[in-house]
Amino acid sequence: MAFITANWNPLGDAFYRKTELYEMFWSLRDGLRDSLIAAAPYGGPIALLREPLRRSPSTRPQLEIYSASGVSITSFPWKSGPVVYLGWSVNDELLCVQEDGTVLIYDLFGSFKRHFSMGQEVVQSQVLEAKVFHSPYGTGVAIVTGSSRFTLATNIEDLKLRRLPEVPGLQGRPSCWAVLTQDRQTKVLVSSGPELYVLDNTSCTAVYPPGLSPQAGSIVHMSVSFSYKYLALFTETGRLWTGLSNLQERLSEVDTKQAATPRQMVWCRRPRSQQPSVVLMWDRLLLVVGSCNDTIQFPLEDQSVLVGELDGVRIISSSSQELLQEVPLVCQDIFKIASMAPGALLLEAHREYEKSSQKADEYLREIKEQNVLGDAVRQCVEAAAHEYDPDTQKALMRAASFGKCFLTEFSPDQFVTTCRELRVLNAVRESSVGMPLTHTQYPALMTLQVLIDRLVYRQFYPLAIEVCRYLKIPDYQGVSRVLKHWASCKVQQKDLTDEAIARAVCAKVGDSPGVSYSDIAAKAYECGRPELAIKLLDFEARSGQQVPLLLKMKRSQLALSKAVESGDTDLVYTVVTYLKNEMNRGDFFMTLRNQPVALSLYRQFCKLQEPQTLKDLYNQDDDHQELGNFYVTSSYRDKRLEGRLAQLQSAVDEYNKAKNDFAAKATEEEMRLLRFQRKLDDEKGAGLLGLSLQATMEALMSLGLHKQAEQLYRDFRVPDKRYWWLKLKSLAEKEQWEELEKFSKSKKSPIGYLAFVEVCMKNNNRHEAKKYVSKVTPEQKVKAHLAVGDLEGAADAAIERKNEAEMGAVLSRCSASDRLLMDKLNRARVTAAKK
Amino acid sequence: MAHSARRDSPELPDLSLLKRLARDQLIYLLEQLPGKKDLFIESDLMSPLDRIANVSTLKQHEVDKLYKVEHKPIVSISDQICFLIRPRIQTVKWICDVVNADKAAGKFRRYKIIFTPQKFYACEAVLEEQGVFGDVTTDEWAFYLLPLDEDIISLELPEFFRDNFLAGDQRWVRTAASALHLLHSLFGPFSKVYGIGRCSKMTYESWREQVEQGEQKARHAEIGNVFLIDRDVDFITPLCSQVVYEGLVDDIFRIKCGCVEFGPEVTSSDKSLKVMLNSQDKVFNEIRNEHFSNVFGFLSQKARNLQTAYDKRRGMDIQQMKTFVSEELKGLKQEHRLLSLHISASESIMKKKTKQDFQELLKTEHCLLEGFEIRECISFIEEHINRQVSMIESLRLLCLLSVTENGLLPKDFKSLKAQYLQSYGADHLLTFSNLRQLGLLVEQQPGETLTVMESKVGKLVNDRTAGKLTDAFSSLAKKSHFRALSRKLNLVPKSDEEYDLRVPRDMAYIFSGAYVPLSCKIIEQVLERDGWTGLEEVTRLINGHEFAVTGADPKSKSDAQRIILVMFLGGCTFSEVSALRFLGKEKGYKFIVVTTAITNSSRLLEALLDNNV
């Protein structure tokens with residue numbers, strides 16, 4: 001603790017420190033010599049290809065992939081062409097750029113994913129140098145060919161090759177170049193002899209770094225900062241120019257007094273850096289050059305590789321890995337010797353408190369007097385976040401917690417989030433996991449989501465789940481997602497039986513929300529394990545989700561029943577359409593027959609779109625009743641009578657087959673009626689076709705064709721009542737009173753004679769109505785009299801029948817002028833009541 | 001109302017939120033097609049749309065001209081056309097014709113189809129088949145629920161009934177479930193869900209699935225319980241003549257989307273008048289649930305009160321007069337207008353309904369419900385058919401006869417049908433086929449002639465064995481046996497007691513004291529028992545699929561627990577709404593009725609006609 005500043009080196013106003021991250025796990029026989037090395041930023045993996053240009057097929061070079069802490073992930077002999085460059089994409093995919101311009105993409109575990117080419121002409125001219133770069137658009141690849149031409153691909157996910165214009169006077173390999181992303185454009189900065197050019201899509205422009213000494217000579221090395229904002233140029237005379245990458249402004253120019261070209265040159269900054277610097281590496285020397293002309297020198301014992309990070313530089317050697325970074329201001333404030341910053345005092349106070357010394361109180365008092373206890377706590381918490389060593393973190397957090405006790409109304413949020421974050425970071429920094437993320441890197445570009453994804457990608461499932469649970473991420477985004485990936489990975493394990501995998505998956509995943517068994521099953525099917533896929537699909541609770549995969553697997557019957565089960569008719573319909581196209585008609589109908597829901601759905605559709613199919617469906621089922629109905633329905637669509645009759649005849653046949661005598665007979669009668677109507681229409685132009693029997697008779701009667709009406713009455717066995725009503729109404733309406741009278745006498749009326757009275761009245765003929773009153777049955781007498789407005793008659797009838805209710809009815813119709821009648825009725829009522 | 005409501009009745013949630021949501025989404029969809037456009041609206045969406053967004057709102061969002069979808073070539077000259085339609089294949093086919101005609105004429109336009117409440121795969125399949133899939137953009141307007149009143153919500157999907165119960169097409173089930181889900185997310189979480197019927201069960205399951213897929217927010221529930229019921233659980237109630245004011249108005253004038261059009265005979269002018277019928281109309285609100293026989297008395301009392309209010313003017317000084325004019329007069333005038341309207345409507349109803357025929361019709365219905373003098377009823381129906389009183393009414397009586405008697409005797413079945421065909425044409429063969437499929441008009445099967453068998457057996461053996469045998473027989477019956485249900489649930493009050501319609505005792509008042517609506521009775525019983533225990537016999541007779549599920553745990557005995565959402569799948573009648581309102585008043589509940597559409601006997605049967613395909 002006391003020596004926390006021991007590895008601090010001043011550079012201008014700032015300090016730089018070099019912290020050891022790992023003792024590397026790997027044991028490399030030949031160190032990093034003669035190898036192509038690529039290490040991804042954000043604590044990403046390291047790829048190593050030994051002697052990449054060795055061409056003899058007998059001894060193939062070995063491609064090795066390690067975690068950042070040197071744990072071997074995979075290793076395999078390189079069987080493709082000679083590799084010029086290795087690089088990592090933002091998704092932790094390894095890009096291997098071959099001499100012939102082919103770029104091969106491998107995943108973290110060394111399985112080949114895909115490849116693409118940087119253009120046909122490259123095969124001829126060969127790739128001299130290549131660079132993989134990251135921009136807001138994704139990962140890009142830039143190459144320079146043997147004919148000194150540059151080709152760019154800004155995003156390998158959406159490959160568009162851009163061949164850049166020629167650089168004047170450039171022959172062979174340029175002395176150095178870099179890729180810049182500026183104003184949403186990717187450009188190449190290239191040094192050719194004494195000149196410096198910027199290449200963009202269309203032009204090649206010569207540029208001059210402002211303030212570069214004329215005697216500095218040509219540029220032999222260049223480096224762009226992590227954010228593409230700054231540029232460093234190293235000249236043949238050992239001068240280092242730093243400035244903005246748009247070449248508008250110079251920061252500094254320093255003479256490094258080193259004549260040799262550095263092996264590697266990387267910017268070392270952090271967001272809100274006080275003293276940005278450039279790290280240069282030679283075989284035995286590491287030089288940190290600040291813009292203040294100050295330098296720090298570190299001797300190098302071993303060949304190393306520099307990895308530029310957002311907030312520093314990682315130095316990987318064959319034995320260890322270190323992080324070189326500017327000491328954050330807050331750490332500086334706290335740990336600087338004799339610092340009087342509030343945080344420093346609080347840390348001291350806590351230290352004394354631990355020793356049970358009363359000095360603790362003095363320090364605290366001092367802080368409180370300045371009224372900066374809040375700041376002190378904040379400083380400690382912030383500094384803890386930046387520290388790499390867990391002990392230092394703890395000391396700072398304890399101090400913060402101690403200081404917090406003396407504060408009221410201090411929000412604990414920062415303290416809590418930092419504690420959580422540190423736990424997670426410490427866990428992933430663990431050398432077995434090997435992701436040396438810093439506090440700055442973690443939230444800035446690496447969201448929690450990405451962190452979990454990376455853990456999942458590296459198959460650290462238990463850790464990922466722990467992190468999710470610890471950070472209380474909703475299951476949907478957290479645990480479930482991890483489980484889903486785990487299961488997808490699990491189904492690919494070839495050494496396990498289908499049964500075992502299905503059981504294992506089910507046991508782990510259970511019914512976690514958001515994990516779709518159908519997705520897992522789809523994965524299993526992709527891996528060529530259809531049986532496993534079916535087993536897994538059984539666990540899928542939502543039947544609808546099973547359907548697409550089942551269809552893909554050609555289990556259409558099962559798909560249909562699952563679709564029906566899901567209750568989603570759209571899904572059922574999708575499957576039905578699919579089946580219709582896949583199967584022959586017979587099988588298709590048979591399948592539908594076993595699924596009533598699908599069948600009715602399809603029927604509905606056919607009714608509107610394909611009536612013929614509907615008929616076929618009924619035929620298939622021997623559903624004669626429905627077939628009969630079908631013919632009846634279509635008979636109404638037929639305009640011609642012959643067609644209509646033919647349809648109806650078919651209907652009769654079907655009804656007969658269906659043993660529906662009633663319908664068959666009714667249809668036959670309809671046919672007879674139609675023929676009859678047709679005949680009359682032809683003969684008399686009666687316009688009867690299509691009318692109902694009743695309407696036909698009505699029409700006939702109103703045309704005076706009583707004979708024909710009577711024929712219908714007999715032929716169709718029309719009930720007497722109906723016929724009598726009809727005739728009665730018709731005659732009355734036409735005021736054929738004589739006819740009516742004759743009719744009434746033709747036989748005893750089946751509808752009684754009250755009807756006659758009422759109909760006559762309705763047609764305003766009281767005289768005729770009265771004729772029938774006498775014929776009415778005794779029970780209806782009163783009513784009949786009332787109907788014709790004969791109160792006296794009604795009264796007499798009622799009195800005769802000694803019916804109180806009827807007397808009442810008559811009374812209610814009497815008006816004041818009928819005094820006599822009323823008296824009579826009342827008297828009768830009294831007598832009736834006495835009895 | 002003659003009877004006073006319980007004081008502790010809970011407050012209903014504000015359903016107008018549903019309208020606002022629908023309007024906002026519609027506007028958003030219209031804005032998706034920027035610039036001037038012509039809007040074609042499916043004819044039966046016109047009225048619902050009018051409740052959501054009026055013409056000026058549409059114009060504000062650059063709708064130029066409005067047309068009704070008429071399945072004819074269009075005349076619009078706009079280069080952007082928007083179709084607002086139900087997901088029906090016929091309409092989509094028509095749109096395809098429009099687009100193809102434009103293509104043939106070399107006309108370029110932009111087309112957008114907005115399906116409401118959702119689109120179906122079949123519709124898109126048609127677009128694809130007709131080769132216009134790429135020419136149109138499609139969208140969904142999730143307009144599931146239209147609040148017709150503060151306690152009635154309609155899905156405005158009359159075709160639900162026929163599609164689901166007759167054709168067995170279950171595509172609307174998800175729609176119903178989505179509607180329920182919408183209500184759940186706005187007014188839930190529901191703590192209890194009861195239901196009966198196959199469709200209800202499926203709706204419930206589909207809804208649960210949606211709930212599980214979505215995120216759940218802990219909220220304060222405004223609606224505590226839900227009851228789902230299929231229309232085919234109770235066909236009796238919608239087949240009866242309605243005699244409560246609102247139901248009568250619907251039977252006679254047809255209320256459309258909460259609005260009725262009174263013809264010249266009511267308005268006593270030569271113009272028709274459209275009137276909104278809801279609780280905003282104070283006069284209507286007081287008589288809507290009353291038996292018709294009370295309405296006149298009430299209205300005349302009201303008229304007298306109004307006169308007294310007007311009469312206050314006499315003897316007022318200037319100042320008082322001023323306040324009277326500014327505060328009361330407008331309200332009085334409004335009330336006056338409404339009052340005279342309802343009085344003439346009632347008169348018009350009286351003219352139609354107090355005739356001898358109607359009394360006899362009601363008598364027949366009551367006899368059928370009681371199972372009394374069935375022969376006389378059959379003759380009445382026969383005469384009804386013969387005299388061609390009304391096509392639908394005759395059919396209604398036939399169905400009522402069949403459902404209450406558990407089918408017709410083969411002889412009657414044949415002769416009544418034959419006579420009906422003679423009256424109204426042989427095409428009704430198809431109607432009969434539909435009715436048979438739904439079990440509305442069937443022939444008694446030898447095993448099902450329960451009453452006959454029962455009486456025969458009863459004579460042979462002693463009473464106890466007869467009882468057992470009855471049970472055995474009724475288990476043979478496939479469909480609901482109305483008589484047994486009626487006995488079990490006491491649906492038909494004893495006729496020897498006088499029923500005072502002014503002071504209703506139970507829900508039977510909505511049918512003049514002759515019958516308690518089965519659907520409402522079931523709801524009452526289940527709520528009372530908090531489940532189906534003790535109703536096993538009933539559910540067996542109805543043919544099951546009952547369920548009761550406890551969902552979210554109610555935090556407290558809050559008011560929301562006494563608000564019950566009743567969802568009728570396949571439609572409900574105004575009489576049932578009135579009955580539930582009555583039940584709510586008696587028991588301190590508040591019911592909110594959600595229905596796929598408001599129905600009545602005519603709508604129900606017209607949906608089953610098949611002669612105009």
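Trainee: Leaving aside neighbours within four places in sequence, which residues is B:Phe83 in contact with?
Mentor: This is a predicted model, where local features need pLDDT of at least 70, side-chain atom pairs count only at pLDDT 80 or more, and totals for chains, interfaces and linings use all residues. Residues are numbered from 1 along each chain as its sequence is written, chains are lettered from A and ligands numbered from 1 in the order written, and side-chain values use heavy atoms, without hydrogens and water. Contact means heavy atoms within 4.5 Å. On that basis the partners of B:Phe83 are B:Phe40, B:Trp94, B:Ile95, B:Val98, B:Tyr111, B:Lys112, B:Ile113 and B:Ile114.

Trainee: How many residues has the largest nonpolar core?
Mentor: A nonpolar core is a set of buried Ala, Val, Leu, Ile, Met, Phe, Trp, Tyr and Cys residues joined through side-chain atoms within 4.5 Å; buried means under 20% relative accessible area (1.4 Å probe, protein chains only). In the largest one, B:Phe83, B:Trp141 and B:Phe227 have the most contacts inside it, and its residues number 283.

Trainee: Why is strand S9 of chain B largely enclosed?
Mentor: Strands are DSSP runs of E, at least two residues, numbered from the N terminus. B:Asn225, B:Phe227 and B:Ile229 point one way, and B:Val226, B:Leu228 and B:Asp230 the other. S9(B) is largely enclosed by the rest of the structure because six of its six residues, 225-230, are buried.

Trainee: Which residue is the bridge partner of B:Asp230 in S13(B)?
Mentor: Two strands pair if DSSP finds at least two bridges between them. S9(B) and S13(B) (residues 563-569) run parallel, joined by six bridges. The partner of B:Asp230 there is B:Leu569.

Terms used:
Buried < 20%, exposed > 50% of the residue type's maximum accessible area, 1.4 Å probe, protein only. Helix = DSSP H or I, 4+ residues; strand = E, 2+ residues; numbered from the N terminus.
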